[in-house]
Amino acid sequence: MEKEKVNQFMMLNAKYFPEVNQVDIRKALEEADESKANMVISSEWKNPTVCFILAFFLGNLGADRFYLGDTGLAVAKLLTCGGAAIWAIVDLFTAFGRAKKTNYSKFLQLIA
């Protein structure tokens, strides 16, 4: 993939990925063929801010877990009322990181 496109992708989407993995993402995109790079570019990424807001307002209902695609954990969180609110509080502090890790996992699946 062209370096210009990689730079554009990183400028627009770096906030959706863990900071420690951004060098790896850049390198993988530079080495990727056009079809895989186009799939990555056209993908929608989970917004960490939205995940945090869902965890803050609807954390006891598991909305943040549903948003990230963790359906099994979301149902468990829903049935336990956020794990007696303890699980909901922990998820509130980890919402940003979980969203970024989910995006990085999706990136690795698309680029592989």
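Visitor: Among contacts in the protein between residues at least 6 apart in sequence, what percentage join residues at least 24 apart?

Guide: Contact means heavy atoms within 4.5 Å. Among contacts between residues at least 6 apart in sequence, 62% join residues at least 24 apart. This is a predicted model, in which local features need pLDDT of at least 70 and side-chain atom pairs count only at pLDDT 80 or more, while totals for chains, interfaces and linings use all residues. Residues are numbered from 1 along each chain as its sequence is written, and side-chain values use heavy atoms, with hydrogens and water left out.

Visitor: How many helices and strands does the secondary structure have?

Guide: Helices (H or I, at least four residues) and strands (E, at least two) are DSSP runs, numbered from the N terminus. Here there are eight helices and zero strands. The C-alpha trace spans about 50 × 20 × 20 Å along its principal axes.

Visitor: How is a pair of packed helices described?

Guide: By the angle between their axes and the distance between the axes. Axes are lines fitted to C-alpha atoms, for helices over the stretch in contact, and angles run from 0 to 180 degrees between N-to-C directions. The axes of helix 2 (residues 22-31) and helix 8 (residues 86-111) come within 11 Å and cross at roughly 20 degrees. Helix 2 is therefore roughly parallel to helix 8 (angles under 35 degrees count as roughly parallel, over 145 as roughly antiparallel, 65 to 115 as roughly perpendicular and the rest as oblique).

Visitor: Which residues make that contact?

Guide: D24, I25, A28 and L29 of helix 2 meet Y104, F107 and I111 of helix 8. They divide into six nonpolar, no polar and one charged (Ala, Val, Leu, Ile, Met, Phe, Trp, Tyr, Cys and Pro count as nonpolar, Asp, Glu, Lys and Arg as charged, and the others, Gly among them, as polar).

Visitor: At what angle do the axes of helix 3 and helix 8 cross?

Guide: The axes of helix 3 (residues 34-42) and helix 8 cross at roughly 155 degrees and come within 9 Å. That makes helix 3 roughly antiparallel to helix 8. K36, M39 and V40 of helix 3 touch F107, L110 and I111 of helix 8.

Visitor: Why does the search find zero disulfides?

Guide: A disulfide is a pair of cysteine sulfur atoms within 2.5 Å. The sulfur of C51 has its closest cysteine sulfur in C81, 19 Å away, which is too far for a bond. C51 is buried, with a relative accessible area of 0%, whereas C81 is exposed, at 52% (buried means under 20% relative accessible area, exposed over 50%, partly exposed in between, with a 1.4 Å probe and protein chains only).
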